[in-house]
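Let's walk through this model together, from its overall build down to a few individual residues. Please keep the structure open while you read.

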Amino acid sequence: ENLFKTIKTMLGLHWGRQIGTDLYIGLTLFIIFIFAHQDSVLVSVLWAIPALYFVNLTSLLYLALHYDSVVSFLVG
């Protein structure tokens with residue numbers, strides 16, 4: 001199956017637009033969180049690039065690697 005044909009078909013369906021919107025809103029919030037959490041812009045960009053392709057896997061890996069600092073960042 002052609003990937004672009006499948007994407008075009010999914011965007012024609014209500015649930016396809018809803019899932020895509022939800023996925024990329026979550027991606028945007030995660031990338032904003034990375035930029036707020038990291039001290040270096042270069043490191044943030046290096047995390048944001050794979051997040052565009054592997055959205056949920058990148059967020060899981062980031063949180064697993066930086067768990068202690070993320071918790072302390074969120075707690076205060």
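## Ground rules

Before we look at how helices pack, a word on axes: these are lines fitted to C-alpha atoms, for helices over the stretch in contact, and angles run from 0 to 180 degrees between N-to-C directions. Helices here (H or I, at least four residues) and strands (E, at least two) are DSSP runs, numbered from the N terminus.

This is a predicted model, in which local features need pLDDT of at least 70 and side-chain atom pairs count only at pLDDT 80 or more, while totals for chains, interfaces and linings use all residues. Residues are numbered from 1 along each chain as its sequence is written, and side-chain values use heavy atoms, with hydrogens and water left out.

## Overall build

What secondary structure does the protein contain? There are five helices and zero strands, and reading along the sequence gives the pattern α-α-α-α-α.

The radius of gyration of the protein is 15 Å, whereas a compact globule of 76 residues would have one near 11 Å. That radius is taken over C-alpha atoms, and the globule rule is 2.2 Å times the number of residues to the power 0.38. Along the principal axes, the C-alpha atoms fill a box of roughly 45 × 25 × 20 Å.

## Surface and contacts

The protein has an accessible surface of about 5,900 Å², and 72% of it belongs to carbon and sulfur atoms. Such areas come from the Shrake-Rupley method with a 1.4 Å probe; for residues, only the protein chains shown count as cover. Of the 76 residues, 22% count as buried; buried means under 20% relative accessible area, exposed over 50%, and partly exposed in between (1.4 Å probe, protein chains only).

Contact means heavy atoms within 4.5 Å. Taking the contacts between residues at least 6 apart in sequence, 50% join residues at least 24 apart.

## Helix 3 against helix 4

Two packed helices are described by the angle between their axes and the distance between the axes. For helix 3 (residues 41–53) and helix 4 (residues 55–65), the angle is about 145 degrees and the axes are 6 Å apart. Helix 3 contributes W47, P50, A51, L52 and Y53 to the contact, and helix 4 contributes V55, T58, L61, Y62 and L65. By type, these residues divide into nine nonpolar, one polar and no charged. In this scheme, Ala, Val, Leu, Ile, Met, Phe, Trp, Tyr, Cys and Pro count as nonpolar, Asp, Glu, Lys and Arg as charged, and the others, Gly among them, as polar.

## Helix 2 against helix 5

How do helix 2 and helix 5 cross? The axes of helix 2 (residues 14–37) and helix 5 (residues 67–75) come within 11 Å and cross at roughly 90 degrees. That makes helix 2 roughly perpendicular to helix 5. The cut-offs are under 35 degrees for roughly parallel, over 145 for roughly antiparallel and 65 to 115 for roughly perpendicular, with the rest oblique.

On the helix 2 side, F33, A36 and H37 meet S69, V70, F73 and L74 in helix 5. The residues of this contact divide into five nonpolar, two polar and no charged.

Y62 lies in helix 4 and is buried, with a relative accessible area of 0%. Leaving aside neighbours within four places in sequence, Y62 is in contact with F30, F33, I34, H37, Q38, W47 and V70. T58, also found in helix 4, is buried at 6%. Not counting residues up to four places away in sequence, T58 touches F30, W47, P50 and A51.

W47 belongs to helix 3 and is buried as well, with a relative accessible area of 15%. Beyond neighbours within four places in sequence, the contacts of W47 are I34, T58, L61, Y62, L65 and H66. W47 and I31 are 16 residues apart in sequence and 8.1 Å apart in space, C-alpha to C-alpha.

## Partly exposed residues

Is L52 buried or partly exposed? L52, in helix 3, is partly exposed, with a relative accessible area of 46%. Setting aside neighbours within four places in sequence, L52 is in contact with Y24, L27 and I31. N2 is 50 residues from L52 along the chain, and their C-alpha atoms are separated by 20 Å.

T28 lies in helix 2 and is partly exposed too, at 44% relative accessible area. T28 and Q38 are ten residues apart in sequence and 16 Å apart in space, C-alpha to C-alpha.
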